[in-house]
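Q: I'd like to learn how to read a structure like this one. Could we go through it feature by feature?

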Amino acid sequence: MTLQLRIYVPPHPLIKHWLAVARDAATPSVLFRSAMTELGRWLTYEAAREWLPTQETTVKSPLASCPATLIDPEMPIAVVPILRAGLGLLEGAQTLLPLASIYHLGLVRNEETLQPECYLNRLPEKFDPQTRVLITDPMLATGGSIMAAMAELTRRGVDPTLTRIVCVVAAPPALQKLSAAYPGLIIYTATIDETVNNQGYIVPGLGDAGDRIFGT
């Protein structure tokens, strides 16, 4: 079967609500951070469906033994926030994946070339090939940062088919690049916007998510 990039926009009312809060230019930084946390939580909840490895077992209830399903504690799970804006989604993701290892990857966009430059890389030299990797990055705009992140992760042994990307807003340029390079990838986003402007910002988008998260 031919692999194809899959993009899910969950129709959850809480996702729609917090997206609206995040989009509003009048939303203060403290509330914007809350919106990012909630979007990270609910989008990760959706991404975990049929992704987290499980194992079958038996437990004893107060009345009788019964079959049960548990998350497999031996299967490695990693969360990779793309700094700095990806930190805004991390807290929500961590509430659902408390045992996941966190590996920070810092990428900044050169505002003249719009190309990503790496300033921090805390990824391990090699990932277990069965590792489930969740990437948090609020904006998939031109695709430069997420493509750089995926290249670094796959170079270190990450399987794109076991990888999930959680973002708030995605745009066609990034999605087209990811589809061509990593057709087995799955993305969960609150919405897809149609346009990226000459400065590389998604329109209507969120503005600069990092600045709005940290009040800078």
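Q: Let's start with a single side chain: is E125 buried or exposed?

A: One thing to keep in mind throughout is that this is a predicted model. To call a residue exposed, you want over 50% relative accessible area, while buried means under 20%. E125 has 61%, so E125 is exposed.

Q: Which side chain does E125 meet in a salt bridge?

A: The general idea goes like this: side chains of opposite charge can pair when their charged atoms come close. Here, E125 pairs with R156, at 3.8 Å from N to O.

Q: How many salt bridges does the count come to?

A: The count is 7. Another one of interest joins R41 and E38, at 2.9 Å from N to O. These two are 3 residues apart in helix α2, so about one helical turn separates them. R41 counts as partly exposed because its relative accessibility is 22%, while E38 is among the buried residues of α2.

Q: Since we've landed on α2, how far does that helix reach?

A: You can check a helix by comparing its end-to-end span with what you'd expect at 1.5 Å a residue. Helix α2 covers residues 29-47, which makes 19 residues, and its first and last C-alphas are 26 Å apart. That is close to the expected 27 Å.

Q: What do the buried residues of α2 pack against?

A: Start with who is buried: the list includes F32, A35, M36, L39 and L43. The buried residues of α2 pack against α1 (13-23), α3 (87-96), β8 (132-136), β10 (163-170), β11 (186-192) and α6 (209-214). Zoom in on M36 and you find contacts with A22, G88, L89, P138, V168, L206 and I213, leaving aside residues up to four places away in sequence.

Q: Which residues have the most contacts inside the largest nonpolar core?

A: For a core, look for buried nonpolar residues whose side chains join up. The largest one here has 36 residues, and M36, L39, L97, L134, V168 and L206 have the most contacts inside it. Elements giving two or more residues to this core are α1, α2, β4 (77-83), α3, β10, β11 and α6. The largest share, 6 residues, comes from α2. Apart from this core lies another, of 25 residues, with F127, L140, A174 and L178 among them.

Q: What does A78 touch?

A: A78 lies in strand β4 and is buried, with a relative accessible area of 1%. Beyond residues up to four places away in sequence, A78 touches S101, Y103, F127, T131, R132, V133 and L134.

Q: Which residues form a nonpolar patch on the surface?

A: Look at I7, V9 and I192: they form such a patch, with about 210 Å² of accessible area together. I192 is found in strand β11 and is partly exposed, at 39% relative accessible area.

Definitions and conventions
Residues numbered from 1 in each chain as written. Predicted model: local features only at pLDDT ≥ 70, side-chain atom pairs only at ≥ 80, totals over all residues. Heavy atoms only, no water. Helix = DSSP H or I, 4+ residues; strand = E, 2+ residues; numbered from the N terminus. Expected span 1.5 Å × (residues − 1). Buried < 20%, exposed > 50% of the residue type's maximum accessible area, 1.4 Å probe, protein only. Contact = heavy atoms within 4.5 Å. Salt bridge = Lys/Arg side-chain N within 4 Å of Asp/Glu carboxyl O. Core = buried A, V, L, I, M, F, W, Y, C linked by side-chain atoms within 4.5 Å. Patch = residues over 30% accessible without salt bridge, like charges linked within 9 Å, V, L, I, M, F, W, Y side chains within 5 Å. Areas by Shrake-Rupley, 256 points an atom, 1.4 Å probe, with all protein chains shown as cover.
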